[in-house]
Structures are given as C-alpha cells and as structure tokens.
Amino acid sequence: MSDQAEKLRSIVNNLNIPDRTLEPDRSGSARVVTITSGKGGVGKTNITINLAIALSKMGLRVVILDVDFGLANIDVLMGITTKYTLVDLIRGDHNIFEVLTDGPNNVKFLSGGSGVEELVQLDRRQLGNFISNISLLDKLYDVILIDTGAGLSRNVMSFVQAADEVILITTPEPTAITDAYALIKLISRKNKHKTIKVIVNKAESQREANDILTKLTLVSERFLAFKLQKLGYI
Ligand SMILES: Nc1ncnc2c1ncn2[C@@H]1O[C@H](COP(=O)(O)OP(=O)(O)OP(=O)(O)O)[C@@H](O)[C@H]1O
Ligand SMILES: [Mg+2]
C-alpha cells in the first residue's frame, strides 16, 4: 500500500521542507523497516544485525543504517572499524554510497555517529538531506533496516514515518513495556495505518512472551483503536 514516494512525501510534509530534492525513482523499491523501542538497551541492534544476516542468507540484498544519534555501536557489534560514519553523511562530506561498509554475509552497513553532539539536534535540512540519500538505496537493496535510538525523539519519529513497517522491541521488564506502549501511542496518533510488529526480547518463556504480546495488543486496540502485529519472541 504505502510506496516510497508516499513515504518520502509524508516525511517532507512532516519536516516542512520543499520536496524538490526528494524525487524518488519508483522502479525496484526496497522494503524499509525501522527497528525501534521505547526503552533503551532492549536488544534493537543485536536483533537488527541478526535479522540482516538471516535475510541476506535468504538471498536478499540488505543494508543496515545505524541512526542512533546518541550511543551508536553497530560497528562495535560487527567488530569492524569503519572509515566513515553517519557524521560524514550528515555533514554532507560524503554521499550514502561512500559511507557504507561491508559487514558479515554481504550485509552492508552505515555506522552511526557515536557521541557526536551535533547529531542529537538534526535540523530539517540535514534530516531531509539524509532521507533523500536513503532513497538512493532504493534500487540497489531489497531491504533497508534502520536501527534507531530508543525513545520518543523527533529524529526517531522521522524514521518511523519513513518506514513501510516498524519493528518494536520490548523486554518483559515493566518499564520497557510501558515505554513501548508510550511509543505505540505516539505513532498511532501520527499514523493510524502504520504497521507495527512487536518482538519480546529476553523472554523467560514462551508463555511470558505471549502474555506480554497479548496484553499490548489488547490495550492498543481498546484504548488507541490501533492494531498491532505479534512478530514473536526471543
Ligand atoms: N536475547 C538476548 N539474550 C541475551 N542478551 C541479550 C539479548 N538481546 C540483547 N542482549 C544484550 O542486551 C544488551 C543490549 O543489547 P542491544 O545493544 O542490542 O540493545 P539496543 O536496544 O540496541 O540498545 P540501545 O538502546 O542502547 O541502542 C547487550 O549487552 C546485548 O548483548
Ligand atoms: Mg542499539
């Protein structure tokens, strides 16, 4: 249903910048999946990397964009030192193709800009420029996984808007569940039809995970009139 052009338009509207620079080519659209969470440290980055490797093994062309503007660490988890990071892209020093690094199993990735203060408050032009760079990946990849920082920041919301679907990670911790719900509330208010798929990570048992998935689903339907999808548990 949602196509790349539509996504980009909605971001542009959201950002109130002119959309002349964002004229996506519709041939061969990549599937854009944003992985996010309410609370930090619930396993987003580990799940993103493993999902990427699994998809790549299935023969799909996969790229990961680490857009954590605070504590980016995908390069550390990959065990690879990268020449360029998100910072080089945001500053406009290099384009998206130059800043990608080869990861395991043919997975390409963009390393985040760890601890760089200026990235915490991206202005509209920078964010717009970044998103138009992402649209350049559209024809070259089948799946674009966007690993975000936790929480309800505007940057994170922009990447949620940009995605065809959102994978929301929580753990069984009560604070993680409450924060996940807060994020669902925010997303559902902005976009009633966004697809959100929930994963419970670090579950003690199948039953615990299913309880959490069922509760979140019921509460979202009841209080937000929003339908969640249960993706699974780890
Ligand atoms: N299923 C799991 N079993 C055991 N440990 C896990 C599991 N998932 C994640 N972890 C551990 O939890 C910690 C946080 O994981 P990770 O960095 O992937 O979370 P994150 O959501 O990306 O964090 P941040 O919000 O800081 O980006 C790491 O030490 C990781 O090894
Ligand atoms: Mg992370």
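Modeller: Alanine 225 is in the loop between helix 10 (206-224) and strand 8 (229-233). Helices here are DSSP runs of H or I with at least four residues, strands are runs of E with at least two, and the numbering goes from the N terminus. This is a predicted model, in which local features need pLDDT of at least 70, side-chain atom pairs count only at pLDDT 80 or more, and totals for chains, interfaces and linings use all residues. Residues are numbered from 1 along each chain as its sequence is written, while chains are lettered from A and ligands numbered from 1 in the order in which they are written.

Alanine 225 has a phi near 50°, a positive value in a residue other than glycine. Alanine 225 counts as exposed, because it has 9 C-beta neighbours inside 10 Å. The scale is simple: with C-beta atoms placed from the backbone, 20 or more others within 10 Å make a residue buried, 12 or fewer make it exposed, and anything in between is partly exposed.

Asparagine 106 also has a positive phi, about 65°, and is not a glycine. Its loop runs between strand 3 (100-102) and strand 4 (108-110). Asparagine 106 has 14 C-beta neighbours inside 10 Å, so it counts as partly exposed.

Two packed helices are described by the angle between their axes and the distance between the axes. Helix 9 (residues 174-190) and helix 10 have axes that come within 11 Å and cross at roughly 35°. Axes are lines fitted to C-alpha atoms, for helices over the stretch in contact, and angles between N-to-C directions run from 0 to 180 degrees. The crossing is right-handed, meaning that the near helix is turned clockwise from the far one by less than a right angle. Helix 9 brings Ile177, Ala180, Tyr181, Ile184, Lys185 and Ser188 to the contact, and helix 10 brings Ile212, Leu216, Val219, Ser220 and Leu224. Contact requires C-beta atoms, placed from the backbone, within 7 Å of each other. By class, the residues of this contact are eight nonpolar, two polar and one charged. Ala, Val, Leu, Ile, Met, Phe, Trp, Tyr, Cys and Pro count as nonpolar, Asp, Glu, Lys and Arg as charged, and the others, Gly among them, as polar.

Strands pair if DSSP finds at least two bridges between them.

Take strand 5 (residues 143-147). Strand 2 (residues 62-66) pairs with strand 5 in the parallel sense over five bridges. In that pairing, leucine 65 is partnered by isoleucine 146, and valine 62 by valine 143.

Threonine 34 has isoleucine 146 of strand 5 as its bridge partner. Five of the five residues of strand 5 are buried, so this strand is largely enclosed by the rest of the structure. Val143, Leu145 and Asp147 point one way from strand 5, and Ile144 and Ile146 the other way.

Strand 6 comes next. Four bridges join strand 1 to strand 6 in parallel; isoleucine 35 is partnered by isoleucine 167. Strand 6 and strand 7 pair in the parallel sense over six bridges, with valine 198 of strand 7 as the partner of leucine 168. Strand 6 is largely enclosed by the rest of the structure, because five of its six residues are buried.

Helix 8 (residues 154-162) is largely enclosed too, because eight of its nine residues are buried. Among them are Met157, Phe159 and Val160.

For scale, the protein chain has 10 helices and eight strands, and 43% of its 234 residues count as buried.

Key. Contact = placed C-beta atoms within 7 Å.
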